[in-house]
Amino acid sequence: VLAHEYVDTLEAGKTALVVSPTHREGDAITEEIRRELKRVGRIEGEEHRLPGLENANLTEAERSDEVNYAPGDVFVFHQNAKGFTKGERVVVGEEERLPLDQAARFQVFRPKALDVAPGDVLRITRNGTTMDRKHRLNNGQLVTVKRFDKAGNLVLANGWTMAKDFGHLAYGYVVTSHASQGKTVDRVLIGQSSASGLASSKEQFYVTVSRGRERATIYTDDKEALHDAVKP
């Protein structure tokens with residue numbers, strides 16, 4: 001039902017923001033929204049499976065310990081380091097020796113493929129640049145895919161081209177309550193079921209509901225539990 005309202009809002013020429021307290025519930029909502037957008041032709045054409053990178057959120061101590069890695073994990077250097085330059089990547093399993101002594105200078109990402117088609121809205125999850133290095137891609141920025149070039153790179157609606165292996169991408173249809181701060185739209189759609197109960201609070205709920213100029217619609221499977229979690 002939420003996905004239907006999201007598409008109807010766009011079709012009416014209104015702006016919409018979908019908010020859910022947890023990534024797990026947000027992923028389920030995203031799946032339904034993409035299905036509806038395909039149904040009405042806003043997402044169409046062949047899907048491309050892109051190599052994605054999800055931050056493992058390891059501490060420096062954890063990054064220094066080989067036990068925390070699996071083949072395919074990716075080190076991305078955010079500073080120059082001994083033998084490595086800023087932006088360089090190291091894939092676990094492809095290097096004979098991992099640079100664990102440089103843990104303060106890299107972050108670790110897990111591989112997570114993303115199926116993308118023309119019309120999809122994506123969120124940048126780490127700062128970077130377009131392929132020609134003329135334009136910045138900022139963390140949190142939303143971009144729309146117009147098409148793919150012959151090499152499979154993403155051509156965006158604004159004409160920029162982003163490398164197919166950029167990696168730091170997620171679907172841009174649902175944000176967490178924290179990430180919604182500062183955003184204002186016509187209608188805010190809130191997916192807050194009992195699956196997100198532990199993340200529900202008065203402060204979280206206020207931030208979420210206040211994003212909409214015209215209205216906020218709340219979708220839940222347990223009104224009483226949600227009321228108890230967010231009441232003053």
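The largest pocket in this predicted model has a volume of about 1,200 Å³. Of the 40 residues that line the largest pocket, His23, Arg123, Thr125, Ala170 and Tyr171 are the closest to its centre. A pocket is defined on a 1 Å grid over the protein atoms alone, as an open set of points where a 1.4 Å probe fits, with protein on both sides within 12 Å along at least five of seven lines; lining residues have an atom within 4 Å of a point. Its volume is the space filled by probe spheres set on the points, which are joined across faces, edges and corners.

**Basis of the model**

- This is a predicted model, in which local features need pLDDT of at least 70 and side-chain atom pairs count only at pLDDT 80 or more, while totals for chains, interfaces and linings use all residues.
- Residues are numbered from 1 along each chain as its sequence is written, and side-chain values use heavy atoms, with hydrogens and water left out.

- Rolling a probe the size of a water molecule over the atoms shows where empty space is left.
- Two or more residues of the lining of the largest pocket come from each of β1, α2, β3 (53-55), β8 (121-124), β14 and β15.
- Helix α2 gives the most to this lining, with 6 residues.
- The lining of the largest pocket has 18 nonpolar, 14 polar and 8 charged residues; here Ala, Val, Leu, Ile, Met, Phe, Trp, Tyr, Cys and Pro count as nonpolar, Asp, Glu, Lys and Arg as charged, and the others, Gly among them, as polar.
- The second largest pocket has a volume of about 550 Å³.
- Its lining consists of 18 residues, and Gly87, Gly128, Thr129, Arg133 and Phe166 lie nearest its centre.
- At least two residues of that lining are supplied by each of β4 (74-77) and β9 (128-129).
- By class, the second largest pocket is lined by 5 nonpolar, 7 polar and 6 charged residues.

**The chain as a whole**

- The protein chain contains 5 helices and 17 strands, where helices (H or I, at least four residues) and strands (E, at least two) are DSSP runs numbered from the N terminus.
- The C-alpha trace spans about 55 × 45 × 25 Å along its principal axes.
- Of the 232 residues in the chain, 44% are buried; buried means under 20% relative accessible area, exposed over 50%, and partly exposed in between (1.4 Å probe, protein chains only).
- Among contacts (heavy atoms within 4.5 Å) between residues at least 6 apart in sequence, 70% join residues at least 24 apart.

**Helices α1 and α2**

- In α1, the buried residues are Leu2, Ala3, Glu5, Tyr6, Val7 and Thr9.
- The cover over these buried residues includes β1, α2, β16 and β17 (212-219).
- Just after α1 comes Gly13, with a positive phi of about 80°.
- Helix α2 (residues 23-39) has 17 residues and should span 24 Å at 1.5 Å a residue, which agrees with the 24 Å between its end C-alpha atoms; the expected span is 1.5 Å times one less than the number of residues.
- The buried residues of α2 are Glu25, Gly26, Ile29, Thr30, Ile33, Arg34, Glu36 and Leu37.
- These residues pack against α1 (2-11), β1 (16-19), β7 (114-116), β14 (169-171), β15 (174-175) and β16 (185-191).
- Gly41 follows α2 and has a positive phi, near 85°.

**Residues in loops**

- Ser177 is located in the loop between β15 and β16, and it counts as buried because its relative accessible area is 7%.
- The side chain of Ser177 makes a polar contact with the side chain of Thr208 (3.0 Å); such a contact is a pair of N or O atoms within 3.5 Å, and within protein one must be able to donate a hydrogen and the other to accept it, while residues adjacent in sequence count only if both atoms are side-chain atoms.
- Leaving aside residues up to four places away in sequence, Ser177 touches Val19, Ser20, Pro21, Gln204, Val207 and Thr208.
- Asn57 lies in the loop between β3 and α3 (60-63) and is exposed, at 61% relative accessibility.
- Although Asn57 is not a glycine, it has a positive phi of about 55°.
- Arg133, in the loop between β9 and β10 (136-137), is exposed, with a relative accessible area of 67%.
- Arg133 also has a positive phi, of about 60°, although it is not a glycine.
- Ala195 is in the loop between β16 and α4 (202-209) and counts as exposed because its relative accessibility is 63%.
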